[in-house]
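Hi,

Here's the structure I promised to pass along.

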Amino acid sequence: MASDDDPRRKPRIDGSRQWEVFLRERSAEPMRHVGSVTAPSADIATEQATTLFDYAASALWLCPADEVRRLGGNDLAEKGRAESAGDARTEGVRQ
Amino acid sequence: MISISKLLCGQTAEGDGLRYDDPDADIEQIREEKQKRPVVVWNTTRRCNLYCEHCYAGADLDPAQGELSTAEAKGLIDDLADYDVPVLLFSGGEPLVREDLVELVDYCTDRGVRAVLSTNGTLITEEKAQALKDAGLSYAGVSVDGLQERNDRFRGKDGAFEAAVRGIKNCLSVDLKTGLRYTITEHNAADMEDVVDLLYDVGVDRFCFYHLDYGGRGGDIADADLDDEAQRRAVNRLFDMTREYHAEGEEIETLLVGNYADSAYVVEYAEEELGHERAEEIHQYLRVNGGDPTGERVADVDYRGDVHLTQFWQSYSLGNVRDRSFGDIWDDESNPLLARLREREEHLTGKCASCQYQDVCRGSSRLRALAGSGDLFGPDPQCYLTAEERGVTPEPAD
Ligand code: SF4
């Protein structure tokens, strides 16, 4: 799902913004995603991420979650529909 | 959750296997063994028909974008069932504003996950209670935070108290196990006992008391949190009240939630009131229980699918179930925060580092520590134990 319909790109309605946090522990290592922080401003988001990860990071990056284009992922709707369809089929056999 | 009625009165309950690895053969258990997977709180929606002062989810009436659809919710439940999650707590916002709630509870119990509900109770009609019961719901916890006037002020709506009690009666009338959820603050500590008496007369026999955590709007009213002395008074009163009820042959179940300094304090109380041997037994139960469960035995998935370390800690998310399955997110200890929280004994500082009750408390709430001092492993400002109780002998002055 990479379009603007992606619910993960929708802005929050409570006046805050979500920031994906990326961390590199040592210079030779790749950047890793370590979750997200939600805060009313970029400065507060930076402060939060620093408090949570500073000890482990040689570099920290923050990126607004609503700016991230995501390809692939865990298609929950597909899983849920498949399981429900499975239930219906089983019910059918039972009857 | 610390079961006061079990520890002080030996009352058995269906959560004993899950919580203390001590299942009672006569009572059907949620799990026979202590849980290995977390109980998951799912904030099904951010919408709510009330506007409570202490809401950690910051819920209100506006529809929120990005809520999991019915099909996505079923996909989430599949993931949780595959990961062997023992219990899913349908929470909110107010879960009853979701029209598919009964369908999802039904789906959840079909997949072998125990379904329980956290609600303000005001939307539970008798028909709804019956439908939830038929769908396999095991338990409804209804929030009431004081007697009528105080509760209605706190919850931002006149008539909320009466509506909640009506909801409780509707659940009980269809034989759905129902309990009280009560968040203790400076404003309502005085009402605790009267609320228990009133609801016991209605037929409620399970009472959960929550300490205030500093997430969502709970953070805005941190000033209304009880000071040390008031905490001790409230907790003591709950211990005494539980024993008084049991002495009368009325077996209420009472639980404390959200501050594991209570574990330490119940041992101290038992030492004083019940003797050393009993206190040691209680201490052992609490060691098995393992102290504060954040990031281990409890998890939260919010209405957008973000996974949190507890339901109160909404400002940080480990990842989103639309990106990876819940189990993959929860098992990923390459996240240094998750890894450190799970070995927090090595990192605790201040008074928690030297406390003799670290084994049953584990520093209590990391979220409150963060809010209090900005130090993730600093002391929990809500810890009310004296230095002597913590086992620290003050240095003699020179
Ligand atoms: S000092 Fe820390 S570990 Fe000890 S009871 Fe208080 S919060 Fe818990």
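Which residues surround the ligand? Keep in mind that this is a predicted model. The residues around the ligand are B:Lys351, B:Cys352, B:Cys355, B:Cys361, B:Gly363, B:Ser364, B:Cys383, B:Leu385 and B:Arg390. Sorted by class, that shell comes out as 5 nonpolar, 2 polar and 2 charged residues.

Now for the interface. On the chain A side, 32 residues are in contact with 40 residues of chain B. Together the two chains bury about 2900 Å² between them, and 54% of that comes from carbon and sulfur atoms.

As for specific interactions, 12 residue pairs are in polar contact across the interface of chain A and chain B, counting pairs with both residues at pLDDT 80 or more. The side of chain A that touches chain B gets two or more residues from each of strand 1 (17-24), strand 2 (32-39), helix 1 (42-53) and helix 2 (76-94) of chain A. Helix 2 of chain A gives the largest share, with 8 residues. By class, this side of chain A has 12 nonpolar, 10 polar and 10 charged residues.

There are also 2 salt bridges between chain A and chain B. One to look up in your viewer is A:Lys79 with B:Asp79, where the closest N and O atoms are 2.6 Å apart.

Cheers

Key:
Residues are numbered from 1 along each chain as its sequence is written. Chains are lettered from A and ligands numbered from 1 in the order in which they are written. This is a predicted model: local features need pLDDT of at least 70, side-chain atom pairs count only at pLDDT 80 or more; totals for chains, interfaces and linings use all residues. Side-chain values use heavy atoms; hydrogens and water are left out. A residue is near a molecule or strand if one of its heavy atoms lies within 4 Å of it. Ala, Val, Leu, Ile, Met, Phe, Trp, Tyr, Cys and Pro count as nonpolar, Asp, Glu, Lys and Arg as charged, and the others, Gly among them, as polar. Contact means heavy atoms within 4.5 Å. Buried area is the accessible area (1.4 Å probe) that two parts lose on being put together, summed over both. A salt bridge is a side-chain nitrogen of Lys or Arg within 4 Å of a carboxyl oxygen of Asp or Glu. A polar contact is a pair of N or O atoms within 3.5 Å; within protein, one must be able to donate a hydrogen and the other to accept it, and residues adjacent in sequence count only if both atoms are side-chain atoms. Helices (H or I, at least four residues) and strands (E, at least two) are DSSP runs, numbered from the N terminus.
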